[in-house]
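Here is a short report for a reader meeting this structure for the first time. Keep the sequence and the 3D view at hand.

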Amino acid sequence: MNPDELGKAVTSAGGKPFVARQLAQWLYKKRESDFAAMTNLPKALREKLAQNYSLITSSVVTSEDSGEGTIKLGIRLQDGLIIEAVLMREEDRLTACISTQAGCAMGCRFCASGLLGLKRHLTPGEILEQFFHIAAILKKESPDAWLTNVVVMGMGEPLHNFDGLMNALAVLNAEWGFHFGARRITVSTVGLPDKIRDLANQGFQFNLAVSLHATTDEQRTRLIPTNISTGLINIIRASADYYHATRREVTFEYTLVGGENDTPDDAMRLARLLEDFPRANVNLIPMNPVEGTGLRAPTTEAVEEFTDALTQAGINVHVRRKRGRAVQAACGQLRLKLEKANG
Ligand code: SAH
């Protein structure tokens with residue numbers, strides 16, 4: 001809810017309009033999810049609000065700590081569907097990875113999220129609730145601990161749930177909301193050209209990460225079925241448009257799949273594809289093997305050779321460490337396990 005909506009909620013529960021500001025502070029600045037704890041609101045109002053509204057509709061059903069700074073949460077929605085959110089720690093960064101859909105319609109062959117198809121979009125509230133669950137963990141450590149970065153890289157294709165995503169990110173970014181800087185928020189997409197341009201036109205400075213994963217259309221369509229209608233070049237063009245509209249650097253993600261897209265020739269083609277791209281970064285992700293996909297991780301040597309070839313071609317390249325592999329932090333893997341366990 002934005003301040004107007006909060007105002008209506010407060011007055012319809014018999015409160016004074018100015019209380020909406022206090023309520024917004026409790027919700028978005030203190031990340032408090034229990035009306036009873038909002039002690040500067042009149043008690044009768046708190047009780048009435050608690051009768052009329054639920055601040056949290058989802059619950060954490062599993063929390064797996066990798067021991068190396070990654071905590072993965074399995075979150076059950078009101079209708080029983082499971083999504084996941086991850087908290088990652090590295091040096092001075094504290095990053096939340098959040099989901100935007102239960103399941104996914106994109107069907108990337110190496111990814112666990114799409115194996116069971118799309119169940120449904122998350123509501124903006126459900127997207128934001130993930131921050132309250134993460135806040136509860138951080139509060140135990142210190143009252144002031146908060147995220148430095150947010151990546152929309154969990155379950156689902158964020159740009160497929162465009163309205164839900166934008167409503168949630170607007171609250172995350174707003175001064176009256178979480179007041180979280182757009183430049184510290186990254187939206188990761190399978191590459192939907194029209195939606196990338198729509199995102200550029202929203203007037204935010206989000207970082208864009210584009211999941212490229214291949215260097216020819218044939219190869220990309222084999223790994224990513226949606227490519228048949230989008231096409232590689234259109235995605236790169238839309239990404240360039242995003243850069244020109246927002247002046248934010250674009251990152252291309254490239255999941256290395258053993259024997260599919262991981263040769264030095266692929267690396268050279270990738271470098272050529274990005275040759276004219278203004279300020280491109282490449283994030284290499286060695287595939288986390290997912291049972292049932294028939295695909296395998298690249299060898300350590302293949303990752304090294306690929307990285308070296310890109311670096312020599314002048315590309316700014318990072319290899320994503322396998323953070324949280326122990327807790328199955330690759331997209332959708334935790335949910336798959338939970339759903340299997342639940343039959
Ligand atoms: N739908 C969005 C965001 C979700 S996935 C997107 O496609 O970008 C975030 C990243 O993890 C994507 O680059 C995705 O391709 C990659 N990914 C998914 N499953 C993976 C796996 N098993 N191993 C390595 N990377 C994976």
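## The cores

The largest nonpolar core holds 99 residues, of which Phe131, Leu147, Phe178, Phe206 and Leu310 touch the most other members. A nonpolar core is a set of buried Ala, Val, Leu, Ile, Met, Phe, Trp, Tyr and Cys residues joined through side-chain atoms within 4.5 Å. Helix H4 (residues 124-141) gives the most to this core, with eight residues. Domain 1 (3-52) and domain 2 (59-341) both give residues to this core, so it lies between them. The domain bounds come from an automatic or database domain assignment. A second, separate core has six residues, among them Met88, Cys97, Val151 and Ala209.

This is a predicted model: local features need pLDDT of at least 70, side-chain atom pairs count only at pLDDT 80 or more, and totals for chains, interfaces and linings use all residues. Residues are numbered from 1 along each chain as its sequence is written, and side-chain values use heavy atoms, with hydrogens and water left out.

Contact means heavy atoms within 4.5 Å. Leaving out residues up to four places away in sequence, Phe206 touches Met166, Leu169, Ala182, Ile185, Val187, Leu199, Tyr242 and Arg248. Leu284 is found in strand S11 (residues 280-286). Helices (H or I, at least four residues) and strands (E, at least two) are DSSP runs, numbered from the N terminus. Leu284 is buried, with a relative accessible area of 0%. Buried means under 20% relative accessible area, exposed over 50%, and partly exposed in between (1.4 Å probe, protein chains only). Beyond its neighbours within four places in sequence, Leu284 is in contact with residues including Tyr254, Phe306, Leu310 and Val319.

## Helix H1

In helix H1 (residues 3-12), Leu6, Gly7, Ala9 and Val10 are buried. They cover an arc of only 165 degrees around the axis, which puts them on the same side of H1. The arc is that of the directions from the helix axis to the C-beta atoms. The buried residues of H1 pack against helix H2 (19-29) and helix H3 (43-52). The face turned away from the buried side of H1 carries the exposed residues Asp4, Lys8 and Ser12. Just after H1, Gly14 takes a positive phi of about 90 degrees.
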